[in-house]
Amino acid sequence: MNKVNPKVLMNSKWTKTQVQNKEKHFVVTQVEFDEDQSVTDCVIEAVINKNQYEIDWRALKNTDEWRMGWC
């Protein structure tokens with residue numbers, strides 16, 4: 001399990017373990033918090049083609065799907 005701190009999520013780099021559409025490396029480009037400092041929105045961007053996807057930030061904890069950094 002990846003340890004993910006929501007406060008340092010912005011601009012963090014991630015590698016997807018199952019490559020789809022040649023998209024392997026991603027950067028978190030948007031994180032929004034509510035008044036309780038809980039993450040409400042998280043957007044990742046594929047490095048290769050700049051496609052953006054909304055993602056539940058907790059999904060990044062799953063090591064079967066995501067690796068921290070660019071591997």
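Two strands are said to pair if DSSP finds at least two bridges between them. With that in mind, this predicted model can be read through its sheet, an open arrangement of five strands in the order 4-3-2-1-5, in which the pairing is antiparallel. Strand 4 (52-54) and strand 5 (66-68) stand at the edges with a single partner strand each, so one side of each is left without a neighbour in the sheet. From one strand to the next, the twist averages 35°.

**Strand 2 with strand 3**

- Strand 2, which covers residues 23-33, and strand 3, which covers residues 39-46, run antiparallel and are joined by seven bridges.
- Along this pairing, Val31 stands opposite Cys42 of strand 3, while Phe33 has Val39 of strand 3 as its bridge partner.
- The hairpin of strand 2 and strand 3 has five residues between the strands, and in this hairpin Gln37 takes a positive phi near 65°.

**Strand 3 with strand 4**

- Three bridges pair strand 3 with strand 4 in the antiparallel sense, and Val43 has Glu54 of strand 4 as its bridge partner.
- In the hairpin of strand 3 and strand 4, where five residues lie between the strands, Lys50 is the residue that takes a positive phi near 65°.

**Burial of strand 3**

- Buried here means under 20% relative accessible area, and six of the eight residues of strand 3 are buried, so strand 3 is largely enclosed by the rest of the structure.

How values were computed: Residues numbered from 1 in each chain as written. Predicted model: local features only at pLDDT ≥ 70, side-chain atom pairs only at ≥ 80, totals over all residues. Heavy atoms only, no water. Helix = DSSP H or I, 4+ residues; strand = E, 2+ residues; numbered from the N terminus. Axes fitted to C-alpha atoms, helices over the stretch in contact; angles between N-to-C directions. Buried < 20%, exposed > 50% of the residue type's maximum accessible area, 1.4 Å probe, protein only.
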